Amino acid sequence: MILKSVLDARLPGDAALLASGREPLRYGRFSALVEDTFAALRRRGLSRNDKLAIVLPNGPDMASSFVACACAVTAAPLNPAYREDEFHFYMDDLKARALLVEEGSTSPAIAAARRLGIPVLTLSPGSEAGAFTLSGDAVAPPSVQGYAEGGDVALVLHTSGTTSRPKIVPLTHANLLASANNIRNTLQLTERDRCLNIMPLFHIHGLVAAILATLTAGASVFATPGFNALKFFGQIEEARPTWYTAVPTMHQAILSRADRNQEIIKANPLRFIRSSSASLPVPVFHALEEAFGCPVIEAYAMTENAHQMTSNQLPPGKRKPGFVGCAAGPEVAVMSPDGKLLSHGEEGEVVTRGPNVTPGYENNPKANEAGFAFGWFHTGDQGFMDRDGYLKITGRLKEIINRGGEKIAPMEVDEVLMEHPAVAQAVTFAMPHDKLGEEVAAAVVLREGKSATERALQDFANGRLAAFKVPEKIVILEEIPKGATGKLQRIGLAQKLGLA
């Protein structure tokens, strides 16, 4: 099965995509759009598994073009904020056959494509949300290949590459559909649901959790131009969603404006809120549930798993603050370095296997040997299972701070700092030290109207942590630097803050 089968299984007249100022795109029209896009790409000589770099702004056209193009070729969405040299690197690394941009685009991706000799295709939006037509030069003589098949690669994304060259993650149609169905089942989505998408659509979280999981349920997505805390509650009022999914930094920004938008919240009740892509601080979990009066469902996900691995459960199932839930689709276990599966309470590396897991990194045998040892995918995350099979993530193995041989999990320090009444956000990270190798440092953002000094925060932590875990340096910031998808990133933070 491929992604088009999801559209064909729905009622043709039901709304699939919605957006401000445009008519709804219904499932029947969406399926026809896929057929038109397939024909347009084949006329231009693009075949199955050819990579099409997609550089479009967030919104319904990005959502629909991903689905439509993936049925014919391999979709390769790229962050529109990249500079020309970054586009050049990623398109060259992918061996992209063509680039897709919107009509009138001035993106530096176009100049990068010209340097690489890659043809540029243009998307012209229609009146319906996500409707479009394609134009542009041919890549090769017309292709006669049919639709993509389940084993064909639907989507390629790069890993973040914070410590090494980014790896290419290919995800097949079968991978994506397995993950989308897992999410739909976990969240009990039906055709009556509507997702408000604020996640970027060059990232697995938005593409699979917001778009594909919704479509597998025959539900609708209200596609926004991206996350804007100032516009969020207006979007809630217009879209009338039953849920939204986001990363913790977005939830925190939403919370900062929730008190003054209680009327909108009460008039547009959500069935649940989902959080993923980074650990949700426990105080934020409780504050969200109190502000919105609905369950918060934290999940654990990553690109190589086509997103979801574990999830907390909707009532009457359990949701445990500070835990990322139990296995929600694939098999999930905790493993020792020698390949032994560990029992509950024993800490080790989190590993997974199942139909949602990538078949392996592209052209990277060394990474595949390490990443798929003992027949499981190795996440690089450290954690343990409790007696109920709920997973607690204790840190990234690469982010563990080695302070003269003493190992510190940054998330443990984060959680303590977040308990301070003045702290809204905290990110603990390693900074270089001439004798110890690494020392503990932290960046914090204070709550609006609250104050605290570095010394006061260190004293607070000192009463709750062993002395060697207390940050030697705490930097108080207006905002902590984030990655392109809104996640806080520990690796490289010391350099960004001038502490290296």
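What percentage of the contacts in the protein chain with a separation of 6 or more comes from residues 24 or more positions apart? Such residues account for 66% of those contacts, where contact means heavy atoms within 4.5 Å. This is a predicted model, in which local features need pLDDT of at least 70 and side-chain atom pairs count only at pLDDT 80 or more, while totals for chains, interfaces and linings use all residues. Residues are numbered from 1 along each chain as its sequence is written, and side-chain values use heavy atoms, with hydrogens and water left out.

**Overall fold**

- The protein chain has 15 helices and 25 strands, taken as DSSP runs numbered from the N terminus (helices are H or I with at least four residues, strands are E with at least two).
- The radius of gyration of the protein chain is 23 Å, close to the 23 Å that the globule rule gives for 500 residues, so the chain is as compact as a globular protein of that length; the radius is taken over C-alpha atoms, and the rule is 2.2 Å times the number of residues to the power 0.38.
- Along its principal axes, the C-alpha trace of the protein chain spans about 70 × 55 × 45 Å.

**Surface and burial**

- Of the 500 residues of the protein chain, 59% count as buried (buried means under 20% relative accessible area, exposed over 50%, and partly exposed in between, with a 1.4 Å probe and protein chains only).
- The protein chain exposes about 20,100 Å², of which carbon and sulfur atoms supply 49%; the areas come from the Shrake-Rupley method with a 1.4 Å probe.

**Charges and salt bridges**

- The protein chain has 50 positive and 53 negative side chains, and the centres of the two sets lie 1 Å apart (Lys and Arg count as positive, Asp and Glu as negative, with His and the chain ends not counted).
- The salt bridges come to 27, a salt bridge being a side-chain nitrogen of Lys or Arg within 4 Å of a carboxyl oxygen of Asp or Glu.
- Asp61 forms a salt bridge with Arg22, their closest N and O atoms being 3.1 Å apart. Because Asp61 lies in helix 3 (residues 60-70) and Arg22 in strand 2 (residues 22-26), this pair ties together parts that are 39 residues apart in sequence. Asp61 is buried at 13% relative accessibility, whereas Arg22 is partly exposed at 22%.
- Arg29 and Glu128 form another salt bridge, with 3.0 Å between the closest N and O atoms. Arg29 lies in helix 2 (residues 27-43) and Glu128 in the loop between strand 6 (120-125) and strand 7 (132-136), so the pair ties together parts that are 99 residues apart in sequence. Arg29 is partly exposed at 35%, while Glu128 counts as buried at 17%.
- Arg97 and Asp50 meet through their side chains in a salt bridge of 3.2 Å, N to O. The two residues, 47 apart, link distant parts of the chain, with Arg97 in the loop between helix 4 (84-94) and strand 5 (98-102) and Asp50 in the loop between helix 2 and strand 3 (51-55).
- Lys318, Lys320, Asp386 and Asp388 are joined in a network of salt bridges.

**A buried strand residue**

- Ser220 lies in strand 11 (residues 220-223) and, at 5% relative accessibility, counts as buried.
- Leaving aside neighbours within four places in sequence, Ser220 is in contact with residues including Ala15, Ala16, Leu18 and Cys195.

Definitions and conventions:
The place of a charge is taken as NZ of Lys, CZ of Arg, CG of Asp or CD of Glu.
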